Amino acid sequence: MASEPQQEFDQAPAIQKSPPVADRSETVIRIRDLHKIYKMGDVEVHALRGIHLTIQRGEFVAVMGASGSGKSTIMNILGCLDRPTSGSYFLEGQDVSALSADEWAHIRNRRIGFVFQGFNLLQRTSAVENVELPMMYNGVSAKERRARALRVLELVGLAERCHHLPNQLSGGQQQRVAIARSLVNQPSLILADEPTGNLDTKTSEEIMVLFQNLNGQEGITIVLVTHEPDIAAYAKRRIVFRDGLIISDSAGEAAAAP
Amino acid sequence: MLIMAFRIALRALARNKLRSFLTMLGIMQEQIASLGTNLLVILPGTVTLGGARSGSGGRQSLIPADARAIMNEIPVVAGASPVLRQGQQVIVGDQNWGTSIQGVAPEFQQIRDWQVREGRFINQADVDSTAKVALVGETVAYNLFGEDDPVGAVIRIKKVPFRIIGILGAKGQSGNGTDQDDVVMVPYTSMMKLVMGVTYIQQIIVAAVSADTTQEASTQIAALLRQRHKIRPGADDDFTIRNLSDIAEAASNSATVMAVLLGSIASVSLIVGGIGIMNIMLVSVTERTREIGIRMAVGARGRDIMLQFIVEAVVMAASGGVIGILVGIGSSNLIKYLAALPTLIRPEIIAISFLVSGSVGVFFGFYPARKASKLDPIDALRYE
């Protein structure tokens, strides 16, 4: 599901200036010696101190760490929302750290799906219209938008509630809508930032099972940030950040190299 | 996505009512009714008695022969008619009606463009024979005869019986609101002799052959009358020539002043309205920072966000414009019927006001839209 209909979407007319078509190799993320320094007045905050990370297609990775460990920073960089100070970030073999803001928007639209802690759905907008939102920006026809939105809503088990507004849905249902939205453009990668942070234990479990199914059955690559070990346990691979470095990786990849 | 932007924008529209009201001022245009611009009115001069000067027309210096001379001797004059007016009670059977009696010549019909709805106008034979004949205006006919046909009936003016020979076509109200149909017309000779008992006439109304020759006619009439009245060079005229086109011009000047005034109010309103739009859009951008963040996260480019907000501003402004146009048309018609002021709705003005209000949206929507498009998606997503 992740790869075969992609060609058809790449022909969408809305975006004239497409970045070079990435090679859809098995390596989704390749990060080398990544640094990020924030300047706050005179103080320099070294958020990332040289990260090396490779994520293959079909992986389900949990990124853990205390607040301030750099896990939010790496998520922003992975999501093409923030630029590293130095180092390289290849997304499906393409160096994306040097692209323009518009090219980033294009990548976020096609290749990355976001799931947030606070769901971030548009209020007063029905579930199905929320799911259609990413397709508003790549020229998919109204008819196909609706069809694809309904398909992914069914995938997350919300088909019968597609015309409800966010405030008529429970937290778990809202997060399912958000997951459907992240899936609708067939991205290479789903970035989930504390997706269960606002949910109770039972609902959290349901959402994690959904992620597991999407990963196991649909082969979708998922990177998930959490600080709860229970949640991280659902992932196949766990990476722990501390003070801007990776201090442990269950896949056994080399830890921090200063 | 334009449609999406339009739909979102329509929701915001309800917040904005003031501008709509103000915009309408821009589309009301006043038009002064057409007064003949080739008309001249000659009035007798003033009389000075012991230092007190009577108003214009105080003298009794004009006679019917002056009118005839003007018509016969000046080529650029198309027609001239003596005019006498007096308010009188008109009696028919047990009905009576106070109206304005006008003594005129046959030429008067053409000069003032009167239609005769029924019967005929006064002719030269009536004038020559001091005939006791009269035409009645619509208002008089209705008030004295109701639904009955007045032609052939006899009315009494100052106890003199006049036979009705025709009904004048309706002219409606004049520019200053008087009912032009509340009138009875008789030959000027009959008016002088039978009604007023005078040997002079109150004024001469003259039509030049065209609007261009009105000034020339005025000059020649002045020369002719000075000669006829034996006024020595250097002495004052014993008459006044009034150019009705001057009156029309004055009226149209005041209409221009009015239009400029309304236009200025409208421009100020547009700026005020535009700043209103800008304010609301700025508030909207702040309120919807999170929405902007979400849109950017799912792939909206800066220009997509900018387009959305500009479209919203234009929709608001243009809708305000449409409401303004509708209210303007409505109130313009209301003014026409209530205040009896002639108003005119010009299609090009409507088109211009629509374009202007749309442009106001683009102009004042630009800054907030740009601000929205420059937001950092990380900050926007975190915004509470």
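Is A:Leu122 buried, partly exposed or exposed? I looked this up before anything else. A:Leu122 counts as partly exposed because 18 C-beta neighbours lie inside 10 Å. The cut-offs I used: buried is 20 or more other C-beta atoms within 10 Å of the residue's own, exposed is 12 or fewer, and partly exposed is in between, with C-beta atoms placed from the backbone.

**Ground rules**

I am working on a predicted model, in which local features need pLDDT of at least 70, side-chain atom pairs count only at pLDDT 80 or more, and totals for chains, interfaces and linings use all residues. Residues are numbered from 1 along each chain as its sequence is written, while chains are lettered from A and ligands numbered from 1 in the order in which they are written.

**Entry: the surroundings of A:Leu122**

I placed A:Leu122 in the loop between β6 (112-115) and α4 (127-132) of chain A. For element names I kept to DSSP runs, numbered from the N terminus: helices are H or I with at least four residues, strands are E with at least two. I then listed the contacts of A:Leu122, leaving aside neighbours within four places in sequence, and found A:Asn130, A:Leu133, B:Glu291 and B:Ile294. A contact here means that the C-beta atoms of two residues, placed from the backbone, lie within 7 Å. I also noted A:Pro166, which is 44 residues from A:Leu122 along the chain, with the two C-alpha atoms separated by 7.7 Å.

**Entry: where chain A touches chain B**

I counted 18 residues of chain A in contact with 16 residues of chain B. Which element gives the most to the chain A side? It is helix α3 (residues 101-110) of chain A, with 6 residues. I sorted that side of chain A into 9 nonpolar, 5 polar and 4 charged residues. In this sorting Ala, Val, Leu, Ile, Met, Phe, Trp, Tyr, Cys and Pro are nonpolar, Asp, Glu, Lys and Arg are charged, and the others, Gly among them, are polar.

**Entry: the two chains in totals**

For chain A I have 8 helices and 10 strands, and buried residues make up 45% of its 258 residues. Chain B comes to 13 helices and 14 strands, with 38% of its 384 residues buried. Of the contacts in chain A between residues at least 6 apart in sequence, 72% join residues at least 24 apart. In chain B, residues 24 or more positions apart account for 79% of the contacts with a separation of 6 or more.

**Entry: a helix pair in chain A**

I looked at helix α6 (residues 171-183) and helix α7 (residues 201-218) of chain A, which pack at an angle of about 20° with their axes 10 Å apart. That angle makes α6(A) roughly parallel to α7(A). My classes were roughly parallel under 35 degrees, roughly antiparallel over 145, roughly perpendicular from 65 to 115, and oblique for the rest. The axes are lines fitted to C-alpha atoms, for helices over the stretch in contact, and angles run from 0 to 180 degrees between N-to-C directions. I listed A:Gly171, A:Gly172, A:Gln175, A:Arg176 and A:Ile179 on α6(A), against A:Thr203, A:Glu206, A:Ile207 and A:Leu210 on α7(A). These residues divide into 3 nonpolar, 4 polar and 2 charged.

The arc is taken over the directions from the helix axis to the C-beta atoms.

In helix α6 (residues 138-145) of chain B, the buried residues are B:Val140, B:Ala141, B:Leu144 and B:Phe145. Their arc is 100°, so they too line one face of the helix. They pack against β5, β6 (95-104), β8, β10 and β11 (183-187) of chain B. Just after α6(B), I noted a positive phi of about 60° at B:Gly146.

Most residues other than glycine have a negative phi. B:Thr130 sits in the loop between α5 (124-128) and β8 (133-136) of chain B, and B:Lys158 in the loop between β9 (154-157) and β10 (160-168) of chain B. B:Thr130 is partly exposed, with 16 other C-beta atoms within 10 Å, and B:Lys158 is partly exposed, with 15.
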